[in-house]
Amino acid sequence: MLTIQDVELRRGGRALVSGLNLHARPGDLIALRGPSGCSKTTILRAIAGLDPFERGTIDVGDARLEAKNVPDRAMLHRLRRSVGLVFQFHCLFEHMSALQNVCL
């Protein structure tokens with residue numbers, strides 16, 4: 001299950017997304033659509049725990065992300081058991097091996 005409550009994403013003092021709410025149950029199909037630069041990827045990165053957000057909560061299964069809090073290792077482990085993100089471009093971490101990148 002995915003629940004997003006009142007999430008606000010900001011970059012450089014500018015609000016990119018404000019008041020985002022979503023509730024998706026297992027089996028639901030959700031599409032994020034919009035023009036280039038409208039923050040679709042930023043939302044997905046926040047759900048995956050890769051980007052911080054300024055307000056609200058994101059619940060994925062039994063993992064909860066809270067605004068302005070850096071998730072601990074155990075929370076990230078629970079989150080990553082449910083969420084994966086395939087980047088549009090190859091975004092490998094140079095400090096990690098190919099296997100480590102794939103496992104992450």
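**Exercise 1.** Which residue takes a positive phi near 60° in the hairpin of β1 and β2?

*Solution.* Start at the turn: the hairpin has two residues between its strands, and G12 takes a positive phi near 60°. A word on the ground rules: this is a predicted model, where local features need pLDDT of at least 70, side-chain atom pairs count only at pLDDT 80 or more, and totals for chains, interfaces and linings use all residues. Residues are numbered from 1 along each chain as its sequence is written, and side-chain values use heavy atoms, leaving out hydrogens and water.

**Exercise 2.** Find how many bridges join β1 to β2, and to β3.

*Solution.* Strands are DSSP runs of E with at least two residues, helices are runs of H or I with at least four, and both are numbered from the N terminus. Two strands pair if DSSP finds at least two bridges between them. Next, β1 (residues 2-11) and β2 (residues 14-24) are antiparallel, with seven bridges. Then turn to β3 (residues 55-60), which runs antiparallel to β1 with five bridges. L2 has A24 as its bridge partner in β2 and V60 in β3.

**Exercise 3.** Explain why β3 is largely enclosed by the rest of the structure.

*Solution.* Buried means under 20% relative accessible area, exposed over 50%, and partly exposed in between (1.4 Å probe, protein chains only). Five of the six residues of β3 are buried, so the strand is largely enclosed. Lastly, look at its partner β4 (residues 63-66), joined to β3 by four antiparallel bridges, with D59 opposite R64.
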